[in-house]
Amino acid sequence: MFYLVGLGLFDEKDISLKGLECLKNVDKIYAEFFTSRLFGSSFEAIEELIGKEIEVLVRNEVEEEHKFIEEAKSLDVALITGGDPLIATTHSDFLVQCSKKGIDYEVIHGSSILSSAPAISGLQGYKFGKVTTIPFPDYNFYPKSPYEAIEENLKMDLHTLVLLDIQAHKDRYMTVNQGLEYLMNIKDNLDHEGLIDEDTLAMGIARVGSKDVCVKAGKIKQLIDFDFGGPLHCIVIPSKLHIVEAEYLVEIAGADPSILDDV
């Protein structure tokens with residue numbers, strides 16, 4: 001039997017009771033932390049909670065070798081990952097492989113940034129459009145697609161959740177500040193008048209699921225130098241606001257009360 005278990009957002013206490021029971025009973029536990037990571041917990045704390053040793057896999061062992069699937073033919077094997085395990089398409093492929101090989105499987109979900117960030121933003125969930133991700137730029141790699149995705153959402157009066165690049169193997173996690181700088185760099189190199197500029201309302205969100213979660217709203221020029229603290233970070237670009245959303249941004253996220261004049 002193969003179990004795919006999500007650990008949730010921040011620390012080992014986010015593991016569901018169903019997930020914990022599963023991990024205490026399986027024969028072998030593997031973990032991958034390159035798609036997500038629990039910043040409020042140590043690897044040792046997770047092992048102590050479960051009461052078993054965990055083998056941490058590197059990227060190629062997860063994406064190419066798949067030894068945990070082969071072992072699941074004769075053992076109860078679990079693969080744990082941060083967040084909700086099926087958010088990463090890599091993980092959904094494991095279920096396809098299990099089905100093809102006649103291996104029974106079960107998915108135990110965890111809380112995900114895709115639901116938690118929009119929720120803590122105070123914006124209405126059904127008004128979010130396409131999610132986009134800002135990558136770390138590289139040589140000859142500085143895609144405009146994140147900016148364009150936000151523009152398309154704004155044209156349809158939809159909010160945008162902007163995920164920020166994670167390179168866990170390099171201990172490198174993009175900040176809200178870096179993400180906003182990226183968008184402003186794209187704006188400066190467009191061949192048209194962009195919809196997102198320094199005066200655009202934005203939200204920076206950090207450490208969702210922790211006690212010191214940070215939710216700050218303001219114009220991009222106000223947020224670009226704001227200290228959001230440690231990872232993980234994401235950005236939300238609101239579109240047209242309902243009065244309830246605007247009041248939340250003012251009272252909870254510290255936005256300028258003048259945004260209430262536009263709703």
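The protein chain folds into 10 helices and 12 strands, where helices (H or I, at least four residues) and strands (E, at least two) are DSSP runs numbered from the N terminus. The model is a predicted one, in which local features need pLDDT of at least 70 and side-chain atom pairs count only at pLDDT 80 or more, while totals for chains, interfaces and linings use all residues. Residues are numbered from 1 along each chain as its sequence is written, and side-chain values use heavy atoms, with hydrogens and water left out.

The C-alpha trace of the protein chain spans about 60 × 40 × 30 Å along its principal axes. Of the 263 residues, 49% are buried (buried means under 20% relative accessible area, exposed over 50%, partly exposed in between, with a 1.4 Å probe and protein chains only). Among contacts with a separation of 6 or more, 73% come from residues 24 or more positions apart, a contact being heavy atoms within 4.5 Å.

Turning to charged side chains, 10 salt bridges are found in the whole structure, each defined as a side-chain nitrogen of Lys or Arg within 4 Å of a carboxyl oxygen of Asp or Glu. One of them joins Glu-70 and Lys-101, with an N to O distance of 2.5 Å. This pair links distant parts of the chain, as Glu-70 sits in helix H4 (residues 67-71) and Lys-101 in helix H5 (residues 89-101), 31 residues apart. Glu-70 counts as partly exposed because its relative accessibility is 35%, and Lys-101 is likewise partly exposed, at 38%. Another salt bridge pairs Lys-187 with Asp-188, whose closest N and O atoms are 2.9 Å apart; Asp-188 is exposed, with a relative accessible area of 52%.

A further salt bridge brings together Asp-212 and Arg-207 at 3.2 Å, N to O. Here the partners fall on either side of the burial cut-off: Asp-212 is partly exposed at 44%, whereas Arg-207 is buried at 12%. Elsewhere, salt bridges that share partners join Glu-70, Lys-73 and Lys-101 into one network.
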